[in-house]
Amino acid sequence: MPKVTIDNQTIEVPEGTTILEAARMIGGPSVPPAMCYYSKLAGTGGYCRTCIVKVTKGSEKDPRPMPKPVPSCRQTVMDGMEVQNLTSPDLLEARAGVVEFLLINHPLDCPICDQAGECDLQNLGYENGKQATRYEFPRRTFDMIDIGDKIKLHMNRCILCYRCVKTADQLCPGRVHGVISRGDVSEISTYIENAVDNEMSGNMIDVCPVGALTDRTFRFKSRVWFTKPMDAHRNCDKCCGKTVLWMSGEEVYRITARKNKYGEVEEWICNECRFEKKSRNDWTIEGPRHIDRHSVISQNHYEQLSQLKVDISKQKQLLEKAHNPETINSNQI
Ligand code: SF4
Ligand code: SF4
Ligand code: FES
């Protein structure tokens, strides 16, 4: 099995593993961001370039470095390969350039965008972007396309990651939509209208890393960080029936698939579970969802709040000890 070293951490991985997957096996901050790769969908990756890394040693057999940054979601590991991500300032500068390009035409919609708070582009911009834009031209805009009453397409926010195209292609029978035109006028084709009738089409909302595809049944109902995510399940003959209910009190505002720490859906869910079962009584609630992400949602999460309470009570105890003369005396003794 080939061995690869990423940011000075060595791991042995199965033949054919990509650098990105190897980094995910190691875990932690060295995992490159990925805006288009999606491990649950075949043929994804290679579009956005956010996952670039610097290969300083190609392999044991051919130790020459690779001349340019490579997309880690596409490049497979070779035995003896050495890779830099966070440990290369040049690479981080190059990634900041990629983020700058992704944001060139992106609207400043965050205050009104339903994806805010769980947006991969927001996180990417915050962690890898620059504070200001150098772009002085009008931003590219598209005409609104109505794709039905369940999914909203907001093409101006699309970063052309192709994830929704692959989802439609692989989950909804028959190829129904894709990207048309080239360069900065490329757009998701209007044939997406035909895809939304399929009973698995709602998964396009979950795979979209930005607010280009959002749930119309949830739109403008609440900011996502005001809702309480709860794991829930029901018996469903079309999908796994395992979801997250985004609740406010007893009301179910939104239903999504469960996502892992890389923001990828664990199991696909059908449109009936996603859009039709909006009553709490339709579901067996398992408990609060663990959200292991940097988003503002996890900042308000109960587990963290209860941890905070423990930390505060620990701090209180320490302070009380510090102000207790007996403790001070006994410590001094
Ligand atoms: S898609 Fe993300 S970055 Fe873009 S406007 Fe919406 S929240 Fe902001
Ligand atoms: S609509 Fe969303 S998922 Fe589809 S290509 Fe655009 S950004 Fe990607
Ligand atoms: S995640 Fe690798 S190119 Fe987009």
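This tour visits a helix pair and then a sheet in a predicted model. Local features need pLDDT of at least 70, side-chain atom pairs count only at pLDDT 80 or more, and totals for chains, interfaces and linings use all residues. Residues are numbered from 1 along each chain as its sequence is written, while chains are lettered from A and ligands numbered from 1 in the order in which they are written.

**Stop one: the helix pair**

Select residues 89–103, helix α2, and residues 120–128, helix α3. Helices (H or I, at least four residues) and strands (E, at least two) are DSSP runs, numbered from the N terminus. The two axes come within 10 Å and cross at roughly 140°. Axes are lines fitted to C-alpha atoms, for helices over the stretch in contact, and angles run from 0 to 180 degrees between N-to-C directions. α2 and α3 are therefore oblique to each other (under 35 degrees is roughly parallel, over 145 roughly antiparallel, 65 to 115 roughly perpendicular, the rest oblique).

Now show side chains. From α2, pick R95, A96, V99, L102 and L103; they meet L121, L124, G125 and N128 of α3. Contact here puts C-beta atoms, placed from the backbone, within 7 Å.

**Stop two: the sheet**

Move on to the open sheet of 4 strands, ordered β12-β11-β10-β13, with antiparallel pairing. Two strands pair if DSSP finds at least two bridges between them. Select β12 (251–257) and β13 (284–288): these are the edges, each with a single partner strand, so one side of each has no neighbour in the sheet. Neighbouring strands are turned by 35° against each other on average, direction ignored.

Finish on β10 (residues 228–233) and β11 (residues 242–248), an antiparallel pair with 6 bridges. Centre on M230: opposite stands L245 in β11.

Definitions and conventions
Contact = placed C-beta atoms within 7 Å.
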